[in-house]
Amino acid sequence: MGVPLRRRAGRSVYRESTPDAAMAGVVERAWTGVVGRRRPLRVFPDGCVDLVWDGTVLAAVSTVRGVLRHELPSADWTVGLRLRCGVGGAVLGLPMTELPAGATPLRDLWAVGARRAEARLAECGVPGEAKSVLESLVAERLQDVEVDGLSLAAARALRAPSARTDRVAAELGVSERGLRRHVRHDVGVGPKELQRVLRFRRFLERVEAVARDKTSLAGVAADVGYADQSHLGRECRRLSGASPGALVRSWTGRNVPD
């Protein structure tokens, strides 16, 4: 799940942490959300899948196809594990093209294991306990499935601003059609669309620097791989529903013109 538009709003706080070392190959981040007031939140695409406990339901949340309007739960806190881009299909056990955007109850995918985990999560009094339960669940899952390293390697390669899908396929020893088949299964979109999502993610990682260092949007656009600032603007609106300047202002509270 992508980073929320506002990391802090009211009393709500979003914090990321490093997952257990044994999970590092498939889990990118663990995170905790402290809920201030219930409201819809915009969550941006990043190519990953999150396993999220919201106090009631354990769900797999996918946003790779575009911005998601996610309703914050009424629980005091939520906990999630963000699976690395390229492992979703293998870990969840289905082609990611079949997983709808938004939240899918994990019990619909892993009937017995997910219900058992939900029972344990319901007994957790603090986020740290819930994080351990989620990590144990993923560890158990990895004993029964094999993660395709090709999709994971493809996602890493496609992050480079100069990456080309034909060259990535050649480097990984597969045809472009084979690359597309693997990436669609494990991420939910083809390599070219994933590349657009990852480029937008690089822009999001630079948002705070734009305001803090007074870096121009045109300069950031060039650094992360956009043809020009207009290209950044079109992709930003398509993937977030807002202009680049609006994202910077919402994120940092500082006025940056588009």
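Modeller: On a 1 Å grid over the protein atoms alone, a cavity is a set of points where a 1.4 Å probe fits but cannot get out, and its lining residues have an atom within 4 Å of a point. This is a predicted model, in which local features need pLDDT of at least 70 and side-chain atom pairs count only at pLDDT 80 or more, while totals for chains, interfaces and linings use all residues. Residues are numbered from 1 along each chain as its sequence is written, and side-chain values use heavy atoms, with hydrogens and water left out.

The structure holds two cavities of 30 Å³ or more, and the second largest cavity has a volume of about 40 Å³, a volume being the space filled by probe spheres set on the points, with grid points joined across faces, edges and corners. Gly113, Arg116, Ala117, Arg120, Val133, Leu137 and Glu140 form the lining of this cavity. At least two residues of that lining come from each of helix 2 (111-122) and helix 3 (127-142), where helices are DSSP runs of H or I with at least four residues, numbered from the N terminus. Helix 2 gives the most to the lining, with four residues.

Conventions: On a 1 Å grid over the protein atoms alone, a cavity is a set of points where a 1.4 Å probe fits but cannot get out, and a pocket is an open set with protein on both sides within 12 Å along at least five of seven lines; lining residues have an atom within 4 Å of a point.
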